[in-house]
Amino acid sequence: MNIKSILAYIKFRPAMFVGSFKNLREFILGFNIANQMNHQEEFIDNKFVEQFDDWVKATLIKENENSLEIVKELAENQV
């Protein structure tokens, strides 16, 4: 199983897997580490984990583009 397939499960039943963004991030990191330890990691999984925080930050900025205060805070801080 890779990140793409686990995200499909999460999308179908998000509350079953995670509650908040931080939980989602930790779940994905744990999933990736487990795959590495079992020698089942895939290149796409590692790339996804590396770029996940930047993707979330860009998405939040785009979704809140009408709120300058939120965009400024997101741009200045780590998500």
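1. Fold along the chain. Helices (H or I, at least four residues) and strands (E, at least two) are DSSP runs, numbered from the N terminus.

2. What you are looking at. Please keep in mind that this is a predicted model, in which local features need pLDDT of at least 70, side-chain atom pairs count only at pLDDT 80 or more, and totals for chains, interfaces and linings use all residues. Residues are numbered from 1 along each chain as its sequence is written, and side-chain values use heavy atoms, with hydrogens and water left out.

3. Surface and burial. Of the 79 residues of the protein, 22% count as buried. Here buried means under 20% relative accessible area, exposed over 50%, and partly exposed in between (1.4 Å probe, protein chains only). The accessible surface comes to about 6,200 Å², and carbon and sulfur atoms hold 56% of it; these areas come from the Shrake-Rupley method with a 1.4 Å probe, and for residues only the protein chains shown count as cover.

4. The core. The largest nonpolar core has 9 residues: Ile-3, Ile-6, Ile-10, Val-18, Leu-24, Ile-28, Phe-31, Phe-52 and Val-56. Helix 1 (3–12), helix 3 and helix 4 are the elements that give two or more residues to this core. By definition, such a core is a set of buried Ala, Val, Leu, Ile, Met, Phe, Trp, Tyr and Cys residues joined through side-chain atoms within 4.5 Å. Val-18, one of the core residues, touches Ile-10, Asn-23, Leu-24 and Phe-27, leaving aside residues up to four places away in sequence. A contact means heavy atoms within 4.5 Å.

5. Helix 4. This helix has 21 residues and reaches 29 Å from its first C-alpha to its last, close to the 30 Å expected at 1.5 Å a residue; the expected span is 1.5 Å times one less than the number of residues. Do look at Gln-51, where helix 4 bends by about 50° (the angle between axes fitted to the seven residues ending there and the seven starting there). The buried residues of helix 4 are Asp-45, Asn-46, Phe-52, Val-56 and Lys-57.

6. Aromatic rings. A search of the whole structure finds 2 aromatic pairs. The rings of Phe-48 and Phe-52 have centres 5.5 Å apart and planes at 40°, so this pair is tilted. For reference, rings of Phe, Tyr and Trp (its six-membered ring) pair if their centres lie within 6.5 Å; planes under 30 degrees apart count as stacked, over 60 as edge-to-face and the rest as tilted. Both residues lie in helix 4 (residues 43–63), 4 residues apart, about one turn of the helix. Phe-48 is partly exposed at 25% relative accessible area, whereas Phe-52 is buried at 6%. Together with Trp-55, Phe-48 and Phe-52 form one aromatic cluster.

7. Asn-35 sits in helix 3 (residues 21–37) and is buried, with 7% relative accessibility. Not counting residues up to four places away in sequence, Asn-35 touches Met-1, Gln-40, Glu-41 and Asp-45. Gln-40 lies in the loop between helix 3 and helix 4 and is partly exposed at 45%.

8. A residue to check. His-39 also lies in the loop between helix 3 and helix 4, and its phi is near 55°, a positive value in a residue other than glycine. Most residues other than glycine have a negative phi. His-39 is exposed, with a relative accessible area of 73%.
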